[in-house]
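User: Could you walk me through this one, telling me what each label rests on?

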Amino acid sequence: MFCDDDAISPFYRPSGDTIDDSGSDRVVKTIQGIFKTLKQDVRPIREQITTMHSPVIDVLPFPTLRKNLIRSGNAVDEDELYDDLLNGL
């Protein structure tokens, strides 16, 4: 699951199109509540919950880096990132 090219983060929850962000906010709070036992640095952030992304990003213990990787879209090659994480830079 984690290594599959088509794998999707287990934190991701599609919330559908809403008129405002209230539906999305509820989903984010619910998911963050479910994972509140995780250490602060690895808890899912809003972008992990609301944006489809690779689970490779989820293992990074730096919330700002995770947010920036998700927001960058395809600017970072996920296969290269995965290889770097496993084998070093």
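**Contacts, burial and pairs**

User: Which residues is Ile31 in contact with, leaving aside neighbours within four places in sequence?

Analyst: Ile31 is in contact with Phe11, Arg13, Pro44 and Ile49, where contact means heavy atoms within 4.5 Å. A word on the basis: this is a predicted model, in which local features need pLDDT of at least 70 and side-chain atom pairs count only at pLDDT 80 or more, while totals for chains, interfaces and linings use all residues. Residues are numbered from 1 along each chain as its sequence is written, and side-chain values use heavy atoms, with hydrogens and water left out.

User: Why is Ile31 called buried?

Analyst: Its relative accessibility is 6%, and buried means under 20% relative accessible area (exposed is over 50%, partly exposed in between, with a 1.4 Å probe and protein chains only). Ile31 therefore counts as buried. It lies in helix α1, and its C-alpha atom is separated by 9.6 Å from that of Arg43, twelve residues apart along the chain.

User: How many helices and strands are there?

Analyst: Four helices and zero strands, giving the pattern α-α-α-α along the sequence. These are DSSP runs numbered from the N terminus (helices are H or I, at least four residues; strands are E, at least two). Of the protein's 89 residues, 27% count as buried.

User: What makes Asp25 and Arg46 a salt bridge?

Analyst: The distance does: their side chains meet at 2.5 Å, N to O, and the rule asks for a side-chain nitrogen of Lys or Arg within 4 Å of a carboxyl oxygen of Asp or Glu. Asp25 lies in helix α1 (residues 22-34) and Arg46 in helix α2 (residues 46-50), so the pair ties together parts 21 residues apart in sequence. Both partners are partly exposed, Asp25 at 29% relative accessibility and Arg46 at 34%.

User: Why does the pair of Arg71 and Glu47 also qualify?

Analyst: Their closest N and O atoms are 2.9 Å apart, which makes a salt bridge. By this rule the count comes to two. Arg71 lies in helix α3 (residues 63-71) and Glu47 in α2, so parts 24 residues apart in sequence are tied together.

User: What links Ser24 to Arg46?

Analyst: A side-chain polar contact of 3.4 Å. Ser24 is in helix α1 and is buried, with a relative accessible area of 11%.

User: Why is the pair of Phe11 and Phe35 called edge-to-face?

Analyst: Their ring centres are 4.7 Å apart and their planes stand at 85 degrees, so the pair is edge-to-face. Rings of Phe, Tyr and Trp (its six-membered ring) pair if their centres lie within 6.5 Å, and planes under 30 degrees apart count as stacked, over 60 as edge-to-face and the rest as tilted. Phe11 is in the segment before α1 and Phe35 in the loop between α1 and α2, 24 residues apart. Phe11 is buried at 8%, while Phe35 is partly exposed at 21%.

User: Which residues make up the largest nonpolar core?

Analyst: Six do: Val56, Ile57, Leu60, Leu69, Ile70 and Leu81. A nonpolar core is a set of buried Ala, Val, Leu, Ile, Met, Phe, Trp, Tyr and Cys residues joined through side-chain atoms within 4.5 Å. Beyond residues up to four places away in sequence, Leu81 touches Val56, Ile57, Leu69 and Val76.

User: What caps the N-terminal end of helix α4?

Analyst: Asp77 does, with a side-chain oxygen 2.8 Å from the backbone nitrogen of Asp79; helix α4 covers residues 78-87. After α4 comes Gly88, whose phi is positive, near 85 degrees.

Notes. Polar contact = N/O pair within 3.5 Å; in protein donor to acceptor, adjacent residues only side chain to side chain.
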